[in-house]
Amino acid sequence: MFNPVSRHSDDEFVELFNRGETAQDLSGWSFAKGIQFTFPHRMRVPAGGYLVVCRNRSEFTNHYGPDIPVAGDFQGKLSHRGETVQLTDARGLVVD
């Protein structure tokens, strides 16, 4: 969500979806292009589940409720003109 309805950059978020049949361990994975965030140890996305990385967890929770799993707050801002947001695994290999 690079352009939230509120027009406040603190409401930006990136949502990950695990379409696999098993939980995915994201320990040490990171966003290094577009935004900066490294997933903490033992962070998992369940099979068929979602996980959010947001700019401001407090604002995100106020707008969308406490039931959505949030990994943490990213650094930077999402561009309104287009950019590449790159997700890498713990070895630094591009995943998406």
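In this predicted model, the side chain of Asn-56 reaches the backbone nitrogen of Ser-58 at 3.1 Å, a polar contact being a pair of N or O atoms within 3.5 Å, of which, within protein, one must be able to donate a hydrogen and the other to accept it, while residues adjacent in sequence count only if both atoms are side-chain atoms. The two such reaches of this side chain are set out below.

| Side chain | Backbone nitrogen reached | Distance |
|---|---|---|
| Asn-56 | Ser-58 | 3.1 Å |
| Asn-56 | Glu-59 | 3.0 Å |

Asn-56 lies in the loop between S6 and helix H1 (57-64), where helices (H or I, at least four residues) and strands (E, at least two) are DSSP runs numbered from the N terminus. Leaving aside neighbours within four places in sequence, Asn-56 is in contact (heavy atoms within 4.5 Å) with Asp-10 and Asp-73.

Asp-73 is also touched by Phe-37, whose other partners, not counting residues up to four places away in sequence, include Trp-29, Phe-31, Val-53 and Ala-71. Phe-37 is one of the residues that touch the most other members of the largest nonpolar core, which has 16 residues; such a core is a set of buried Ala, Val, Leu, Ile, Met, Phe, Trp, Tyr and Cys residues joined through side-chain atoms within 4.5 Å, and buried means under 20% relative accessible area (1.4 Å probe, protein chains only). Strand S1 (13-17) and strand S6 (50-54) are the elements that give two or more residues to this core.

Residues are numbered from 1 along each chain as its sequence is written. Local features need pLDDT of at least 70, side-chain atom pairs count only at pLDDT 80 or more, totals for chains, interfaces and linings use all residues, and side-chain values use heavy atoms, with hydrogens and water left out.

Conventions. Buried means under 20% relative accessible area, exposed over 50%, partly exposed in between (1.4 Å probe, protein chains only).
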